[in-house]
Amino acid sequence: MSKQRVLTGITTSGTPHLGNYVGAIRPAVEASRNADIASYFFLAYYHSLIKCQDPEIVHQSSKEIAATWLALGLDTDNALFYRQSDIPEITELTWILCCSAAKGLMNRAHAYKAAVQSNEESGEDPDFGITMGLFSYPVLMSADILMFNAHKVPVGRDQIQHVEMARDIAQRFNHHFAELFTLPEAQVDDTVAVLQGLDGRKMSKSYNNTIPLFASEKNLRKHINKIKTNLLEPGEPKDPDDSTVFQLWEAFASPAECQRMRTEFANGIAWGEAKKQLFELINEELASARQRYNELMDDPGHVESVLLAGAERAREISVPFTQKVRDAVGISRMR
Ligand code: TRP
């Protein structure tokens, strides 16, 4: 029996923060070690280009993200880790799928609709600033997924619609040409925490409230000290369930340590002390990976070789599979 295939893309337009770590990277790294699953992880450069047109940022962020995943122990012997752009078959498949994808379906994509709506609200032309890249985003994502016939696609809630579109496009293709594509399913893990940021809202680049994952020790401490708290004094009981400090604690601590901290809150631990302990806890989990990260950032040649090896393995699949797709649509040798 062939293994279950699990695939997810990483957009490379930002520096990884603790929210990314807890919500996506930590579970993915764990999954990469599971020998019963064939996992596929890739740097989604072409998706990044839609959001970010600054070459330096795209490059730097990709370098940071690749080094981050490797430093945290991504098992690249088991999982495939590659750059989307190293698999030219993906862009070829994107075009072929464009010809099966209904425009009406793309009109309903959330990100596109939101852009149109914001134009309308500000009295602009509805198409103002909207590229074909944004409009076709779900087709590119479908090609990522369908190329490797992924069964499961772990994503955040905002991406479920895109996976459903991939199913729809695959179904049309299968129906019209040949049963080549597995119908993928989105996998949303409700057990992983959505971390709060410094101001208590969801930790997100767009709120500018993040704690960078591999900040230096000093910088990590500084960020943790900036977490918003209430004005309760030392000795006054504090409510852990209404505290960002405790929420972060929970994302890193064992159940026994969570219990202990609950008691400390009830006993009125000082905010300064709680933050100090939080720093120590997070730092302990990240210190060795941080060191490895810094080494990798200084050794781009190594990261490059890992990515190229991943691409080579991925192309062992994508090249012959694309030939089947070409044959199915009639792009084949003269016969
Ligand atoms: N669009 C996804 C995001 O913004 C990233 C992504 C690109 C992706 N291609 C994918 C995720 C394929 C899952 C499968 O998070």
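## Close-up views of a predicted model

**View 1. Ile 10 sits in strand β1, which spans residues 4-10.** The structure shown here and in every view below is a predicted model. Ile 10 has a relative accessible area of 11%. That is under 20%, so Ile 10 counts as buried. What does Ile 10 touch, leaving aside neighbours within four places in sequence? Its contacts are Phe 42, Leu 43, Ala 44, Ile 65, Trp 69 and Phe 81. Phe 41 is 31 residues away from Ile 10 in sequence. In space, their C-alpha atoms are 7.4 Å apart.

**View 2. The largest nonpolar core holds 56 residues.** Which members touch the most others? They are Leu 18, Trp 69, Phe 81 and Ile 211. Several elements each supply at least two residues of this core: α1 (18-32), β2 (37-43), α3, α9, α10 (244-252), α11 (255-266), α12 and α13 (300-329). Helix α12 gives the most, with 11 residues. In soluble globular proteins, nonpolar side chains tend to be buried together.

**View 3. Ile 211 and Leu 198 touch each other.** Not counting residues up to four places away in sequence, Ile 211 also touches His 17, Leu 18, Met 203, Leu 220, His 223, Ile 224, Ile 227 and Leu 248. Leu 198 is found in the loop between β5 (185-187) and α9 (217-225). Is Leu 198 buried or exposed? Its relative accessible area is 13%, so Leu 198 is buried. Beyond its neighbours within four places in sequence, Leu 198 contacts Asn 209, Thr 210, Ile 211, His 223, Lys 226, Ile 227 and Lys 228. Asn 225 is 27 residues from Leu 198 along the chain. The C-alpha atoms of these two residues are separated by 9.1 Å.

**View 4. Helix α3 crosses helix α12 at roughly 135°.** Helix α3 covers residues 55-71, and helix α12 covers residues 271-297. Their axes come within 9 Å. The angle makes α3 oblique to α12. The crossing is right-handed. From α3, the contact uses Gln 60, Lys 63, Glu 64, Ala 67, Thr 68, Leu 70 and Ala 71. From α12, the partners are Ala 289, Arg 292, Tyr 293, Leu 296 and Met 297. The residues of this contact divide into 7 nonpolar, 2 polar and 3 charged.

**View 5. Helix α10 packs on helix α12 at an angle of about 25°.** Their axes are 10 Å apart. That angle is under 35 degrees, so α10 is roughly parallel to α12. Helix α10 passes α12 in a left-handed crossing. Val 245, Leu 248, Trp 249 and Phe 252 of α10 take part. They meet Trp 271, Ala 274, Lys 275, Gln 277, Leu 278, Leu 281, Ile 282 and Glu 285 of α12. This contact has 9 nonpolar, 1 polar and 2 charged residues.

**View 6. Helices α11 and α12 pack at about 165°.** Their axes lie 11 Å apart. The angle is over 145 degrees, so α11 is roughly antiparallel to α12. The crossing is right-handed. Arg 260, Met 261, Glu 264 and Phe 265 come from α11. Trp 271, Ala 274 and Gln 277 come from α12. By type, the contact of α11 with α12 has 4 nonpolar, 1 polar and 2 charged residues.

**View 7. Helix α4 (residues 88-98) has buried residues.** They are Glu 89, Ile 90, Leu 93, Thr 94, Ile 96 and Leu 97. What do these buried residues pack against? Their partners are α7 (132-147), α8 (160-176) and α13.

**View 8. Asn 149 and Asn 208 have a positive phi.** Most residues other than glycine have a negative phi. Phi of Asn 149 is about 50°, and phi of Asn 208 is near 55°. Asn 149 is in the loop between α7 and β4 (152-154). Asn 208 is in the loop between β5 and α9. Which is buried, and which is exposed? Asn 149 is buried, at 10% relative accessibility. Asn 208 is exposed, with a relative accessible area of 69%.

Terms used
Residues are numbered from 1 along each chain as its sequence is written. This is a predicted model: local features need pLDDT of at least 70, side-chain atom pairs count only at pLDDT 80 or more; totals for chains, interfaces and linings use all residues. Side-chain values use heavy atoms; hydrogens and water are left out. Helices (H or I, at least four residues) and strands (E, at least two) are DSSP runs, numbered from the N terminus. Buried means under 20% relative accessible area, exposed over 50%, partly exposed in between (1.4 Å probe, protein chains only). Contact means heavy atoms within 4.5 Å. Axes are lines fitted to C-alpha atoms, for helices over the stretch in contact, and angles run from 0 to 180 degrees between N-to-C directions. Angles under 35 degrees count as roughly parallel, over 145 as roughly antiparallel, 65 to 115 as roughly perpendicular and the rest as oblique. A crossing is left-handed if the near helix is turned anticlockwise from the far one by less than a right angle, and right-handed if clockwise. Ala, Val, Leu, Ile, Met, Phe, Trp, Tyr, Cys and Pro count as nonpolar, Asp, Glu, Lys and Arg as charged, and the others, Gly among them, as polar. A nonpolar core is a set of buried Ala, Val, Leu, Ile, Met, Phe, Trp, Tyr and Cys residues joined through side-chain atoms within 4.5 Å.
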